[in-house]
Amino acid sequence: MENKIVGHSTTRWDAMAKVTGKAKFTGDYFFKNLLHGKYLRSTIAHGYVKEYDLSEAEKVEGVIKILLPEDVPQNFYSTAGHPWSLNPDKRDIQDRSVLTRNVRQYGEEIGAVIATTELAAITALEKIKVIYDEYPVYLTPKESMADGARRIHAERENIIANTCVSNGDIEKGLKEADYVIEESFSTPVQQHAHMENQIAIAYLDEDQRWTCISSTQIPHICRRVIGQALGVRWSTIRVKKPFIGGGFGNKQDITIEPLAVAMSMACGGRPVQINITREESLAYTRTRHAIDYTFKVGVKKDGTITAIDCEAISNQGAYASHGHSVGGKGGGFINALYKTENIRYAAKTVYTNIGVAGAMRGYGIPQVMYALEAVMEDVARKIGMDSIEFRIKNKVPEGTYNELTRINIFHNKLDLCLKKGKEQFKWDQKLALSKQHKSGPKRRGVGVASFSYGSGTYPFGLEVAGARIILIQDGSFKLLVGATEIGQGSDTVFSQMVAETIGVPAKHIITEALTDTDIAPFDTGSYASRQSYITGFAVKEAAEEMRMKILTLASRVHDLEISTIDIVDSNIVFKHNQLLVTTLADLAMISL
């Protein structure tokens, strides 16, 4: 049956609020007697804080409190926005505390100031004197892994993880090749640069629980991490996520929220806001991992790939955050793009003294795909084969079982995409033209690349999503989901799904602007392109259940078989002739 709503263009439900400035972001929430928190950051990259001199800072008018590491809980926790694993071996590394004297990166969070104004807090920060013991600084994995290098975290080695996955016989595959191409590639650190910086407001609410309003991609996980960091029951924390000005993975880490709540606790529950600067967001939150790759690819003269061997070394920075899950992810996606009986993917993730790397759009796949496609292009040129034809020849067939991810590849239309792209781009003509411009001051080139990516975290983690639909008296519906809308339009898509499934116009579905952990069903959040595909199943199931409840009520009230009636455009109608039985609005009033 053809969809009437899903797949059709519609106006985003939040568009008007955003373009008119009515949308409330975290910074738009005002509180009486709001206090402002600022981080005291280290001016060295590796060392230990021996002594603080707060005497002049405490004299600054408006300063309420200056917090040192010993003034806040020293529980170790992970900032990564991953679901909590019941298996301790599968949990993220808990190597972070709210504040610390152990300096592991430039700008380390070694203290904090709470004041009545931002200016007072900044002024006080400038007057704090700090004395350090300084240690060697390691900016690259090579330096950090060298013999005699000091441990960045005393309790663990600088190599966070060292894994290798393989299938077949890589050495045999390389020997069978007519050519072996070996190349190295490096990807740099990248910043997310979302429009809205990290910002959070924490306070003790009327119910004597700690509420945190935050620009976060993961409200439910945020609540858990705050509880772990501060050593309080998770139920004593309530997280609210209003409109959010972008995240791209950076806000899949809990960076400022635990301190915001700790600051409010230190001030008797008064509201405290942490609103970091653009410089702080770029330098001290999260980045995309810099990763070094070495590829060996064996290929026959006819273009058949005999082996793919890859070694990856990921620069994690000062804290584990998402850790090895980013650098270690690439192997299964190489195997999902190109068929070969022999593949090896060896990956290391290493602590260094640079800014912490975490989640960023694509979660490690842009890095490995860049390196993979660069070497594959050189392979195609080495054997004199057209770049597109080479990729089509080595495409993973539909129905292939990926030995590395243990997932069946049921659908793979890459060949159709490449052929369509070749036609639309006029590949042959532009390729021929480019060959006429390979010398002189102006050059021309054409290029092609493929990309493999999956939704969600399976099989590395189990995805969980929830949805709740409430029938309103006029026949409209309220939709509640915990999958956070962060600008990508997921709430609008979910509304379309509900409307299509039940049989009502999309405008009759009301979504919630504020994701509240007390109200929204549990969902792990917004990451890994998971909303439509994963939360969508929960939304569809809830809509199907609501539809059946409506039809069951209509059949009972009007003494009809369920099989004879349908819901069309908010009306209960006979299936065979579409004649009206009753309106959904009238039926909704009966159901109360």
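The lining of the largest cavity is made up of 8 nonpolar, 2 polar and 3 charged residues. Here Ala, Val, Leu, Ile, Met, Phe, Trp, Tyr, Cys and Pro count as nonpolar, Asp, Glu, Lys and Arg as charged, and the others, Gly among them, as polar. This is a predicted model, in which local features need pLDDT of at least 70 and side-chain atom pairs pLDDT 80 or more, while totals for chains, interfaces and linings use all residues. Residues are numbered from 1 along each chain as its sequence is written, and side-chain values use heavy atoms, without hydrogens and water.

**Cavities**
- The whole structure holds 3 cavities of 30 Å³ or more (on a 1 Å grid over the protein atoms alone, a cavity is a set of points where a 1.4 Å probe fits but cannot get out, and lining residues have an atom within 4 Å of a point).
- The largest cavity has about 70 Å³ of space (a volume is the space filled by probe spheres set on the points, which are joined across faces, edges and corners).
- Of its 13 lining residues, Tyr39, Tyr77, Glu109, Thr255 and Ile256 are closest to the centre.

**Cysteines**
- The count is 0 disulfides, a disulfide being a pair of cysteine sulfur atoms within 2.5 Å.
- The sulfur of cysteine 267 is too far for a bond because the closest cysteine sulfur, in cysteine 212, is 15 Å away.
- Cysteine 267 is buried at 13% relative accessible area, whereas cysteine 417 is exposed at 53% (buried means under 20%, exposed over 50%, partly exposed in between, with a 1.4 Å probe and protein chains only).

Notes: On a 1 Å grid over the protein atoms alone, a cavity is a set of points where a 1.4 Å probe fits but cannot get out, and a pocket is an open set with protein on both sides within 12 Å along at least five of seven lines; lining residues have an atom within 4 Å of a point.
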